[in-house]
Amino acid sequence: MRKDLIAGNWKMHSTHLEAIQMVQKLSYRLDPSDYDRVDVVVCPPLTALRSAQTVIETDHLRIQLGAQHCYFEEKGAFTGEVAPQMLAKLSVSYVIAGHSERREIFGETDDDV
């Protein structure tokens, strides 16, 4: 049976230092039994992914890491985009795809997603 998933999309909030604090504070508030019931994922901005990953791995937290976006190409001249393989190297397990803001503001379609 699949567990429920609780993911926090931080949008464009928090610096890398604030991300470290938020991950630590979240871990203090969760009981071990919480992780048995749900998968917990944080999705900080791209600039904070590495900092969040470091805290999660160093402190052996059961919090998982998610990204807010990825591009479908493996590499190339796509300024500002990030490839799935790049996220995988940061231990990112989830990506928010098809978010309403990406569709409305950037015109992403079902085909893009």
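**Architecture of a predicted parallel α/β chain**

The protein chain has 5 helices and 4 strands. Helices (H or I, at least four residues) and strands (E, at least two) are DSSP runs, numbered from the N terminus. The model is predicted: local features need pLDDT of at least 70, side-chain atom pairs count only at pLDDT 80 or more, and totals for chains, interfaces and linings use all residues. Residues are numbered from 1 along each chain as its sequence is written, and side-chain values use heavy atoms, with hydrogens and water left out.

From the N terminus on, the order of elements is β-α-α-β-α-β-α-β-α. The radius of gyration of the protein chain is 15 Å, close to the 13 Å that the globule rule gives for 113 residues, so the chain is as compact as a globular protein of that length. Here the radius is taken over C-alpha atoms, and the rule is 2.2 Å times the number of residues to the power 0.38. The C-alpha trace spans about 40 × 30 × 25 Å along its principal axes. Of the contacts with a separation of 6 or more, 64% come from residues 24 or more positions apart. Contact means heavy atoms within 4.5 Å.

The accessible surface of the protein chain comes to about 7,900 Å². Carbon and sulfur atoms hold 54% of this surface. Areas come from the Shrake-Rupley method with a 1.4 Å probe; for residues, only the protein chains shown count as cover. Buried residues make up 31% of the 113 residues. Buried means under 20% relative accessible area, exposed over 50%, and partly exposed in between (1.4 Å probe, protein chains only).

The 4 strands form an open sheet in the order 1-2-3-4, with parallel pairing. Strand 1 (4-9) and strand 4 are the edge strands, and each pairs on one side only. Neighbouring strands are turned by 35 degrees against each other on average, direction ignored. Two strands pair if DSSP finds at least two bridges between them. Strands of a sheet pair through backbone hydrogen bonds, either parallel or antiparallel.

Strand 1 and strand 2 pair in the parallel sense over 6 bridges. Leucine 5 stands opposite aspartate 39 in strand 2. Strand 2 and strand 3 also run parallel, joined by 2 bridges. There, valine 41 has glutamine 64 of strand 3 as its bridge partner.

Strand 2 is mostly covered, with 6 of its 6 residues buried. In a regular strand the side chains alternate between the two faces of the sheet. Both faces of strand 2 are covered. Val38, Val40 and Val42 are buried on one side, and Asp39, Val41 and Cys43 on the other.

Helix 3 (residues 49-58) lies across strand 2, strand 3 and strand 4. The helix runs at about 170 degrees to strand 3. Axes are lines fitted to C-alpha atoms, for helices over the stretch in contact, and angles run from 0 to 180 degrees between N-to-C directions. The buried residues of helix 3 are Leu49, Ser51, Ala52, Gln53, Val55 and Ile56. An α-helix has 3.6 residues a turn, so residues three or four places apart point the same way. The cover over the buried residues of helix 3 includes helix 1 (16-29), strand 2 (38-43), strand 3 (64-67), helix 4 (84-88) and strand 4 (92-95).

Serine 51 is found in helix 3. This serine is buried, because its relative accessible area is 14%. Leaving aside neighbours within four places in sequence, serine 51 is in contact with His16 and Ile20. Histidine 60 follows helix 3 and has a positive phi, near 55 degrees.

Methionine 12 lies in the loop between strand 1 and helix 1. The residue counts as exposed because its relative accessibility is 81%. The C-alpha atoms of methionine 12 and alanine 52 are separated by 15 Å. These two residues are 40 residues apart along the chain.

A disulfide is a pair of cysteine sulfur atoms within 2.5 Å. By this rule the count comes to 0 disulfides. Cysteine 43 is in no disulfide, and the nearest cysteine sulfur, that of cysteine 70, is 12 Å away. Cysteine 70 is likewise in no disulfide. At 2% relative accessibility, cysteine 43 counts as buried. Cysteine 70 is partly exposed, with a relative accessible area of 26%.
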